[in-house]
Amino acid sequence: MKITAIETVQIPKFPRHIWVLIHTDEGITGIGEAYDKVELTKTAIHDFCAEVILGQDPLNNEMLWHMMYDSANYTGFFGAEMRAIGAIDIALWDIKGKVANMPVYQLLGGKTQESLKIYNTCVSFGDIRDREWFLSDAGSLAESLLEEGISAMKIWPLDALSERYNGQNISRSDIKKGLEPFKKIREAVGDKMEIAFEGHSRWNLPMAIRIAEELEQYDPMWYEDPILIDDVSNLAILRDRINLPILASERLATRFQFRPLMEKNACDIIMFDISYVGGVSEGKKIAGMADAYRLPVTTHNCGSPIMTNVCAHLLMSCPNSTVMETIRSHYKLFDVCEEGVDIRDGHIYVSDKPGFGVTFSKDWLNHKDTIRVSTDNVVNNQLFAVVGDPWAVSPGDDKAKKIDILKDK
């Protein structure tokens with residue numbers, strides 16, 4: 001089996017998302033997804049990843065991951081390159097499952113639980129305006145979620161207050177006012193609803209400590225990314241100074257960046273984004289590392305129903321997985337796959353269909369507004385970090401075609 005084409009799919013209705021289809025010479029196609037800064041990711045998929053994996057056996061996904069990573073690492077791997085690698089790696093696992101006629105969770109070790117408890121991140125899309133709702137009347141929003149069987153939610157009520165002083169100062173009175181959504185939720189539904197605090201890395205260390213002191217009374221599920229993750233030592237100091245569980249971080253990529261987070265005991269819960277870290281292959285490794293430190297894991301997930309199913313397959317196979325992020329405005333309104341998601345009574349279930357059990361919507365694939373770009377042939381000019389001296393051949397040199405040795409294997 002060989003990879004014959006890499007196709008990206010964009011739908012203007014969902015501008016922050018991009019999907020990748022990996023086509024093979026045996027007619028099996030794998031589906032992947034990435035989000036945010038999609039034009040950069042699209043360029044990386046077609047101009048960087050395609051030249052590495054075209055003509056290769058998609059079942060050798062571990063080798064392909066390292067080929068792409070080693071090539072990206074030569075000039076700095078974090079960003080669009082990792083999102084591209086992540087989307088492609090997801091699609092390769094989808095292919096592997098379809099070839100084996102097994103769901104991906106089985107290939108990853110099987111189920112460690114029958115379903116995963118979910119929480120709702122209160123993002124707005126279309127007619128579902130959960131962000132505005134939590135800012136205006138968080139108590140009734142909590143009641144709405146409980147009616148659907150969802151007993152955990154995540155909000156970020158202090159983001160706007162960070163803007164005036166660039167996260168360098170906030171008064172206790174402003175913190176108390178900003179945390180009113182937490183108060184309203186507790187008044188409306190008591191402890192029936194678990195509430196996670198999202199910090200979006202907007203605060204310096206002293207202000208993060210001050211916020212935590214006021215937040216503690218509401219017993220949040222966790223304190224997520226209150227400070228920038230570029231200095232893990234600061235996060236370790238924060239953890240020592242407060243009485244809240246810290247979750248980190250969707251802002252890291254690969255097991256190599258997560259390692260110091262664990263070594264320095266800087267957090268209580270590990271969160272990674274499957275696309276940002278480089279796909280299912282890397283996510284499984286990060287979860288295994290966390291398990292060695294007896295830390296629970298979860299996935300950051302702002303994706304469509306396709307990515308939501310991907311997250312569920314991976315977390316289902318991890319013995320240390322905890323509550324999983326979902327966005328109801330996305331899984332209810334992003335009609336990009338035929339199957340949707342199976343969420344019941346606040347839990348997500350995965351199907352036993354091969355791969356991730358999802359099929360891209362034919363209506364969207366054939367829609368006049370859908371943007372589909374396919375790469376099925378490239379001249380290899382950038383693979384030199386993998387095969388040898390990057391300056392041995394200049395781009396455009398005829399000799400570049402002779403260095404295309406990996407595709408011949």
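Trainee: Leaving aside its neighbours within four places in sequence, which residues is Gln 168 in contact with?

Mentor: Since this is a predicted model, local features need pLDDT of at least 70 and side-chain atom pairs count only at pLDDT 80 or more, whereas totals for chains, interfaces and linings use all residues. Residues are numbered from 1 along each chain as its sequence is written, and side-chain values use heavy atoms, with hydrogens and water left out. Gln 168 lies in the loop between β7 and α6 (172-178), where helices (H or I, at least four residues) and strands (E, at least two) are DSSP runs numbered from the N terminus. Taking contact as heavy atoms within 4.5 Å, and setting aside neighbours within four places in sequence, the partners of Gln 168 are Asn 204 and Met 207.

Trainee: Is Gln 168 buried, exposed or partly exposed?

Mentor: The classes rest on relative accessible area, with buried under 20%, exposed over 50% and partly exposed in between (1.4 Å probe, protein chains only). Gln 168 has a relative accessible area of 46%, and therefore counts as partly exposed.

Trainee: How far apart in space are Gln 168 and Ile 185, C-alpha to C-alpha?

Mentor: Along the sequence, Gln 168 and Ile 185 are 17 residues apart. In space, their C-alpha atoms are separated by 28 Å.

Trainee: At which residue does α5 bend?

Mentor: Helix α5 has 18 residues, and a straight helix would reach 26 Å at 1.5 Å a residue, yet the end C-alpha atoms of α5 are only 15 Å apart. The expected span is 1.5 Å times one less than the number of residues. A bend is the angle between axes fitted to the seven residues ending at a position and the seven starting there, and in α5 a bend of about 125° is found at Asp 137.

Trainee: At what angle do the axes of α5 and α7 cross?

Mentor: Two packed helices are described by the angle between their axes and the distance between the axes. Here the axes are lines fitted to C-alpha atoms over the stretch in contact, with angles running from 0 to 180 degrees between N-to-C directions. The axes of α5 (residues 130-147) and α7 (residues 180-189) come within 8 Å, and they cross at roughly 35°.

Trainee: Which residues of α7 make the contact with α5?

Mentor: On the α5 side, the contact is made by Phe 134, Ser 136, Ala 138, Gly 139, Ala 142, Glu 143 and Leu 146.

Trainee: Is Ser 329 buried or exposed?

Mentor: Ser 329 sits in helix α14, and, leaving aside its neighbours within four places in sequence, Ser 329 is in contact with Val 123, Ser 124, Phe 125, Ile 128 and Phe 334. Its relative accessibility is 0%, so Ser 329 counts as buried.

Trainee: What is the relative accessibility of Ile 209?

Mentor: Ile 209 belongs to helix α8 (residues 205-215), and, apart from neighbours within four places in sequence, its contacts are Leu 238, Arg 241 and Ile 242. Ile 209 counts as buried, because its relative accessibility is 8%.
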